[in-house]
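Okay, thanks for coming, everyone. Let me put the model up and then walk you through one part of it.

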Amino acid sequence: MTSAVTTRATEIVLPGAVEPGGLEVRTRDLPAPAAGQVVLRMDATGVSFAEQQMRRGKYYDQPPFPFVPGYDVVGTVSATGPGVDASLTGRRFAAVTKTGGWASHLLIDAADLVPVPDGVDASAAETVVVNGITAWQMLHRIAEVRSGGTIVVLGANGGVGSTLVQLARHAGITVIGTASPRHHAYVRELGAIPVDYRDPGMYDRIREAAPDGVDAVFDHVGGAGLVRSWELLRRGGTLVSYGSAATKDEEGNSRLPVLKLLAQILAWNSLPNGKSAHFYNFWAGLRRRDAFRRRLSEDLTQVLRLLAAGVLTPQIAAEIPLADAASALALAESRTVAGKVILVPGV
């Protein structure tokens, strides 16, 4: 049995490389879901660093303008296409979309849906979709830091950073987290040792806290500071780079910083010092789609269980109606908030 109805959707469109105020709101009729698809009614979506880069045309492998941004979404199935279990209707799921999440309703493959546990608020779940998968995979699949280890998290007050801190503390790992002084109380509350990222001696402060080096550094900044992150590692330590915030405002080809980074990582990994460096790519392995979906579902399910159990505290910076996505994007880019800015249906 299927449900095939036409759905009126409100979407936020990124028309080109514009300021946040240049986002456009449009409405259109979604076609009925095709075989294997569902219509997902958005309950919460979020603003991530990816959308901040996409609006500048700086995100690696983003689609051509215009398009609907929105990297992930939590929503309720409102219609199912042929071949999809109709009992999914009315149930809440999370999904990673890369684009398209900033919409009141969207078409999505049923195979990409991950169940949200009963009793978990949609906005709370949204904070740990891409952020939670990213943090879990970097900590447990790449760095494989064991209980008793010590790590450094740059941007410990951010969406990925705050989730990473909580996952690490739950695993018995000591965390040194960088943040601006106004967020230090928050970082301490998460269980990390705060260090001022604006301090010219930041890396010296980290070294004082971990004189023997650390087991892993998680660096979303990139740029010249990546060398200093590498130097913090003990023998056998792991550097995980997962962004290039330091180059976000640079003009030119968006692929160039990534290519430079990959070349540097290759050079480091050739050194006989027991250290390793990795560039985390969320979409690595996508060509083997079934295996990719299975791994993503496994990891997100683990994170959602921890959220439901109260191990993870959702870090919601603000909840803003979808139609006011411009304000949400501007707030996220202001770097004045802790946690994730969430878009909700609103009015």
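**A pocket and a helix**

So, strand 2 (24-30), strand 6 (105-109) and helix 9 (289-308) each give at least two residues to the lining of the second largest pocket. Helices (H or I, at least four residues) and strands (E, at least two) are DSSP runs, numbered from the N terminus.

Quick housekeeping: this is a predicted model, with local features needing pLDDT of at least 70 and side-chain atom pairs counted only at pLDDT 80 or more, while totals for chains, interfaces and linings use all residues. Numbering starts from 1 along each chain as its sequence is written, and side-chain values use heavy atoms, leaving out hydrogens and water.

Back to helix 9. That helix has 20 residues and runs 28 Å from its first C-alpha to its last, close to the 28 Å expected at 1.5 Å a residue; the expected span is 1.5 Å times one less than the number of residues. After helix 9 comes G310, with a positive phi near 85°.

Which residues of helix 9 are buried? Among them are A291, F292, R293, L296 and D299. Buried means under 20% relative accessible area, with a 1.4 Å probe and protein chains only.

Now, R293, which sits in helix 9. Why does R293 count as buried? Because its relative accessibility is 17%. R293 touches D109, A111 and D112, leaving aside residues up to four places away in sequence; contact means heavy atoms within 4.5 Å.

Notes
Buried means under 20% relative accessible area, exposed over 50%, partly exposed in between (1.4 Å probe, protein chains only).
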